[in-house]
Amino acid sequence: MRTGIVMTDGVSSAMGRELPLRGAVNARDLGGLRTVDGRQVRRLRVFRSDLLTGLDAGDVSFLLTDCGLRTIVDLRAPGEIVTDGTGAVVDAVAVYRNLHVYGADRVRLDLTEVSPDGSMFERYCEYLAHSSENIAAVLGLLAVEGQLPALIHCAAGKDRTGVVIALLLAVAGVRTDDIIADYAATTPNIAALRARGGRPADAVDRLPAWVFAADATTMRQFLTHLDVEHGGPAEWATRAGLDRATQQRLADNLLCD
């Protein structure tokens, strides 16, 4: 049997929270992240990942048996799913939902023509503007009893997944520094993500570096934007359609003392 997940106290990186999957390169458990009131995210409740189509039979068995995976939330566009597929694990879980998170052009960033002076922060703000209903639907699904453990993913597990996970954690009361550290924990995996990106190497090489970055400063800027422009994550979620009672159920599902 594959070695299970070993938790650690620190959250400066994903060390101890990585999922030992051979077919994914940016997968980890959110367990152990801390809240402002001294609680923490439960182990093996919510996972984040990149594309699942490369998972082998051992990976699928690990997710189902060792992790108890019940729900998969796919944040990719329907066209991406047609092109790249979903993977065998989707057929094995009880619940699969496709809730597309997109910016102004409705296409994932590394499939578009991008400007060298672009910024991930601006793209993340577009997600709030254009995908609020779907993001709220993801959080609402995870607030329903019996839906966890759940895995949230997109193509790289960095941008669309990063924003949804950040909002999930922020609404549940997780500390800003822990949210930022979890986002930045993608950085050691970026080379593997670029190598596995599904585009010709020359096309990938032409993209600006910021498309692939997972800088802590970007997530800090995004969380500050939530506070300043939207009154905080809870208020943003309320306006997006996730009422306060559902937000509380989400936190109860996710956290332990």
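# Close-up views of a predicted model

**View 1. Helix H6 and helix H10 are oblique to each other.** In this classification, angles under 35 degrees count as roughly parallel, over 145 as roughly antiparallel, 65 to 115 as roughly perpendicular, and the rest as oblique. Two packed helices are described by the angle between their axes and the distance between the axes. Here H6 (residues 160–171) and H10 (residues 216–230) pack at an angle of about 50°, and their axes are 12 Å apart. Each axis is a line fitted to C-alpha atoms, for helices over the stretch in contact, and angles run from 0 to 180 degrees between N-to-C directions. H6 passes H10 in a right-handed crossing; a crossing is right-handed if the near helix is turned clockwise from the far one by less than a right angle, and left-handed if anticlockwise. On the H6 side, Gly162, Val163, Ala166 and Leu167 make the contact, and on the H10 side Met219, Phe222 and Leu226 do. Contact means heavy atoms within 4.5 Å. Sorted by class, the contact of H6 with H10 has six nonpolar residues, one polar and no charged ones. For these classes, Ala, Val, Leu, Ile, Met, Phe, Trp, Tyr, Cys and Pro count as nonpolar, Asp, Glu, Lys and Arg as charged, and the others, Gly among them, as polar.

**A note before you go on.** This is a predicted model, where local features need pLDDT of at least 70 and side-chain atom pairs count only at pLDDT 80 or more, while totals for chains, interfaces and linings use all residues. Residues are numbered from 1 along each chain as its sequence is written, and side-chain values use heavy atoms, with hydrogens and water left out.

**View 2. The protein chain has twelve helices and seven strands.** Helices (H or I, at least four residues) and strands (E, at least two) are DSSP runs, numbered from the N terminus. Of the 257 residues in the protein chain, 54% are buried, with buried meaning under 20% relative accessible area, exposed over 50% and partly exposed in between (1.4 Å probe, protein chains only). Among contacts in the protein chain with a separation of 6 or more, 72% join residues 24 or more positions apart. How confident is the predictor? The mean pLDDT of the protein chain is 89, and 86% of its residues reach 70 or more; pLDDT is the predictor's confidence in each residue, from 0 to 100. Take care with residues 3–13, where pLDDT stays under 50.

**View 3. Helix H7 also packs against H10.** H7 (residues 176–184) and H10 meet at an angle of about 135°, with their axes 9 Å apart. That makes H7 oblique to H10, and the crossing is right-handed. Look for Thr176, Asp177, Ile179, Ile180, Tyr183 and Ala184 in H7, which meet Ala216, Thr218, Met219, Arg220 and Leu223 in H10. The contact of H7 with H10 divides into seven nonpolar, two polar and two charged residues.

**View 4. H10 packs with helix H11 (residues 233–240) at an angle of about 65°.** Their axes are 8 Å apart. The angle makes H10 roughly perpendicular to H11, and H10 passes H11 in a left-handed crossing. Leu226, Asp227 and His230 of H10 touch Pro233, Glu235, Trp236 and Arg239 of H11. By class, this contact of H10 with H11 has three nonpolar, one polar and three charged residues.

**View 5. Cysteine 154 sits in the loop between strand E6 (150–153) and H6.** Is cysteine 154 buried or exposed? Cysteine 154 is buried, with a relative accessible area of 2%. Leucine 75 is 79 residues away along the chain, yet the C-alpha atoms of cysteine 154 and leucine 75 are separated by 5.0 Å. Beyond its neighbours within four places in sequence, cysteine 154 is in contact with residues including Ser49, Asp50 and Arg160.

**View 6. Asparagine 26 lies in the segment before strand E1 (28–29).** Its relative accessibility is 0%, so asparagine 26 counts as buried. Leaving aside neighbours within four places in sequence, asparagine 26 is in contact with Arg48, Ala156, Lys158 and Asn189, among others.

View 7. Most residues other than glycine have a negative phi, and most peptide bonds are trans. The peptide bond from leucine 148 to proline 149 is cis, with omega near 5°. Leucine 44, although not a glycine, has a positive phi of about 60°.
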